[in-house]
Amino acid sequence: MKILVLNGPNLNLLGMREPGVYGFDSYDAVCERIAEHARSLHIDVDFDQSNSEGGLIDRLHACMGVYDGVVLNAGAYTHYSYAIRDAIAAIRLPVIEVHLSNIHAREEFRHTSVIAPVCRGQIAGFGPVSYLLALDAFAQTAGQ
Ligand code: DQA
């Protein structure tokens with residue numbers, strides 16, 4: 001199984017960005033932890049990050065025929081990007097939405113995810129473990 005872990009805006013600043021909310025682990029450290037977990041599940045994993053909406057959409061399009069699924073933290077785009085929602089629907093690949101923080105316990109505008117209806121599921125609130133749980137979900141639902 002080949003999975004892309006795709007991160008959106010400001011997630012490259014993990015570790016320095018609001019550590020009280022997002023933790024002290026850097027983006028690279030989080031990716032390394034995900035890669036290690038992927039190896040234990042025999043999942044091939046690649047990583048990408050873009051701060052722009054178009055960059056994320058281009059990357060999602062390029063997943064067709066290459067990956068079996070995507071773990072996506074779309075950052076703030078989660079809450080309002082119909083273009084990313086449409087891209088997820090268009091590629092017809094399972095996408096699991098993840099968030100480090102529990103978006104439902106934060107500001108009102110974060111309670112809405114416009115991508116959730118076109119995602120396989122949503123995992124939020126477990127810090128970097130949210131990504132690991134998404135890989136577990138892919139591993140345990142393979143072929144379903
Ligand atoms: C986030 C939550 C979003 O509301 C926020 O804009 C982010 C990160 C998370 O991982 O908790 O950039 O997706």
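## Exercises: the ligand and its surroundings

In this predicted model, an oxygen atom of the ligand sits 2.6 Å from an N or O atom in the side chain of Ser101. Let's start from there.

**Exercise 1.** Work out how much of the ligand the protein buries.

*Solution.* Begin with the ligand taken alone: it exposes 320 Å². Then put the protein back, and 99% of that area is buried.

**Exercise 2.** Find which atoms of Asn73 and Leu100 lie 2.8 Å from an oxygen atom of the ligand.

*Solution.* Take Asn73: here it's an N or O atom in the side chain. Now take Leu100: this time it's a backbone N or O atom. Next, look around the ligand, where you'll also find other residues, including Arg17, Tyr22, His79 and Arg110.

**Exercise 3.** Describe the largest pocket by its volume and its lining.

*Solution.* The volume comes first: about 160 Å³. The lining has 15 residues, and Arg17, Tyr22, Gly75, Ala76 and Arg110 lie nearest the centre. Sort the lining by class and you get 6 nonpolar, 6 polar and 3 charged residues.

**Exercise 4.** Classify the aromatic pair formed by Tyr77 and Tyr80, then decide whether Tyr77 is buried or exposed.

*Solution.* The count comes to 1 aromatic pair. Its rings, from Tyr77 and Tyr80, are 5.8 Å apart centre to centre, with 55 degrees between the planes. Stacked needs under 30 degrees and edge-to-face over 60, so this pair is tilted. As for Tyr77, its relative accessible area is 12%. Buried means under 20%, so Tyr77 is buried.

Notes:
Residues numbered from 1 in each chain as written. Predicted model: local features only at pLDDT ≥ 70, side-chain atom pairs only at ≥ 80, totals over all residues. Heavy atoms only, no water. 1 Å grid on protein atoms, 1.4 Å probe; cavity = no way out; pocket = protein on both sides within 12 Å on 5 of 7 lines; lining within 4 Å. Points joined across faces, edges and corners; volume = space filled by probe spheres on them. Nonpolar A, V, L, I, M, F, W, Y, C, P; charged D, E, K, R; others polar. Phe/Tyr/Trp six-rings, centres within 6.5 Å; stacked < 30°, edge-to-face > 60°. Buried < 20%, exposed > 50% of the residue type's maximum accessible area, 1.4 Å probe, protein only. Near = heavy atom within 4 Å. Polar contact = N/O pair within 3.5 Å; in protein donor to acceptor, adjacent residues only side chain to side chain. Areas by Shrake-Rupley, 256 points an atom, 1.4 Å probe, with all protein chains shown as cover.
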